[in-house]
Each structure stands twice: as structure tokens, then as C-alpha cells.
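Please examine the sequence and the structure shown here. The briefing that follows describes the chain as a whole and then turns to selected parts.

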Amino acid sequence: VARVKNNYSQLLLSQGEYTKALDMCIEVKNCLKKEKGKSHSEVGIAYDNLARVYSLLGQHDKSDSMYKKALKIKRKAFGNEHSFVAITLDHSASNKLSNFDNLNDSDKESVISKCEKMYREAIDIFIACLGEKHTSISITNSNLAVLLAHYKIRITNSSEELYQEASDILQKCLKELVPVLGKTHPLVHAVAINLRNIKTGSDNNYKMLYHIQNMDSSASEKKKDNIPDAWKAIFKKVGVKKDITDAEE
């Protein structure tokens with residue numbers, strides 16, 4: 001029953017029905033706690049899903065609370081160096097940053113420091129579990145780059161160094177993502193947008209990436225001719241080969 005409800009909640013999320021998805025996620029969490037116990041790994045995953053919906057609804061404090069519960073359960077159930085723990089670290093940090101502009105100035109530096117540590121821990125875990133070139137590493141690396149170039153830069157004077165580090169990270173992400181996902185994949189576009197913002201000095205429209213299992217496959221079916229010229233220029237600069245085929249998507 002819980003699994004069916006969970007699948008339905010993910011369908012509602014994909015359709016933008018966040019309020020309905022929230023109700024379903026709460027049902028799933030309560031059902032799993034009753035069936036399997038409050039410390040079961042599936043309960044931790046249920047808290048993770050619930051946190052994601054709260055974040056999408058803009059309820060970042062509630063989301064943060066759910067991520068803390070998810071992380072505590074996952075660390076106990078899977079150990080500290082499991083990819084599921086890394087995913088929660090990444091999502092939790094991204095949620096904190098989503099609420100950055102609403103924080104008191106006195107709290108911003110500590111939040112940035114905490115989020116950076118969470119991203120870097122997640123990256124280390126992914127590398128240990130999945131190897132150095134897994135898509136998950138590129139996703140979290142891209143989020144780390146956004147933290148450096150869009151958030152940390154506001155509370156430090158070392159802007160040139162931060163921009164350079166973020167740029168290097170994103171260029172590496174593109175080189176690793178394009179051969180796996182193809183040039184038209186939404187994740188590739190998001191990384192390209194982040195890199196373009198750094199190159200142009202734009203402070204708008206940075207994209208946080210999330211680890212999700214079922215991406216929209218429609219983008220991978222687009223023809224190469226649909227690749228925006230802006231992305232082509234970026235691919236050329238970072239050394240992405242022109243002969244990457246649609247089959248590689």
C-alpha cells in the first residue's frame with residue numbers, strides 16, 4: 001500500500017500538484033512508520049520525499065526539519081558513507097540555500113559554511129560509493145558551484161577566486177555529463193546556464209539540481225538542431241566534441 005501511494009505521490013509531483021503530493025507523502029510516511037517502525041530505512045526515504053515537497057511549496061523550515069530526520073535515520077540504517085546519505089545531504093543543503101534571502105544577515109555566513117560542508121561531504125561519499133565520474137557527483141558539484149558563485153560571494157571579498165573555482169567545477173561537470181546524457185538533457189542545460197551566468201557576470205537564474213531517478217525523457221528525443229546556440233558556444237569552449245551522437249543520450 002505504501003509503495004503504491006508513494007508512486008502516486010511522485011506522479012502528482014511530476015504534474016505540479018504539490019499540495020496533493022504533500023498529503024500523499026504524509027500518508028506514506030505514517031503508513032511506513034506503522035508497518036516497519038520509526039527508524040526503518042524506508043521511513044527515512046519517506047521523510048526525504050516529504051522534505052522535498054515542503055521545499056517545493058516554499059515551506060523551507062518544515063523541509064529542513066524533515067531532512068534532519070531523514071538524515072538521522074539514513075545514517076543509522078545505511079552508514080555514513082552510503083549514496084542515500086549523500087543525496088539527503090545535497091537536498092538538505094539546497095533547501096537551506098533556497099531560503100537564503102529570508103535569513104538574518106548574522107545567520108548567512110554560518111548557513112553558507114554548513115551547506116558547503118554538506119555538499120563536499122556528499123561529493124566525497126559519492127566518489128567513494130560510485131567512482132569519480134558518476135552523474136551524481138556532477139549534480140552535487142554543480143550545486144556547490146552555485147553556492148560559491150551566487151551565495152558565498154556575497155559574504156566574502158575573494159570574488160575572483162570563487163568565480164574561478166565555480167567555473168572550473170562547471171566546465172568539468174559539462175565534460176562529464178554530455179557524453180552520458182547528451183547535449184539536450186535538462187541537467188546539461190542547467191549546468192550550461194550556471195556556467196553562462198558566471199562567464200557573463202549575471203546574478204540571475206542560477207539552477208540548483210536535484211538527484212532524481214526518473215528524468216523527463218522527452219528532452220533526449222530532441223534533434224541536435226534544437227540545441228540552443230548559446231549552449232553550442234559553451235560546449236565548444238569547454239572542449240565538448242562535436243561528434244557526440246544522439247545515441248549517447
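**Briefing on the chain**

The chain exposes about 13100 Å², and carbon and sulfur atoms supply 46% of that area (Shrake-Rupley method with a 1.4 Å probe; for residues, only the protein chains shown count as cover). This is a predicted model, in which local features need pLDDT of at least 70 and side-chain atom pairs count only at pLDDT 80 or more, while totals for chains, interfaces and linings use all residues. Residues are numbered from 1 along each chain as its sequence is written, and side-chain values use heavy atoms, with hydrogens and water left out.

**Overall make-up**
- The chain has 10 helices and zero strands (DSSP runs, numbered from the N terminus: H or I of at least four residues for helices, E of at least two for strands).
- Of its 249 residues, 47% count as buried (under 20% relative accessible area, 1.4 Å probe, protein chains only).

**Ile 125**
- Ile 125 lies in helix α6, which covers residues 105–130.
- With a relative accessible area of 4%, Ile 125 is buried.
- Residues in contact with Ile 125 (heavy atoms within 4.5 Å), not counting those up to four places away in sequence, include Asn 80, His 82, Val 85 and Leu 89.

**Helix α9**
- Helix α9 spans residues 186–200.
- Because 11 of its 15 residues are buried, α9 is largely enclosed by the rest of the structure.
- Among these buried residues are Leu 187, Val 191, Asn 194 and Ile 198.
- Gly 201 follows α9 and has a positive phi, near 75 degrees.

Notes:
Buried means under 20% relative accessible area, exposed over 50%, partly exposed in between (1.4 Å probe, protein chains only). The expected span of a helix is 1.5 Å times one less than its number of residues.
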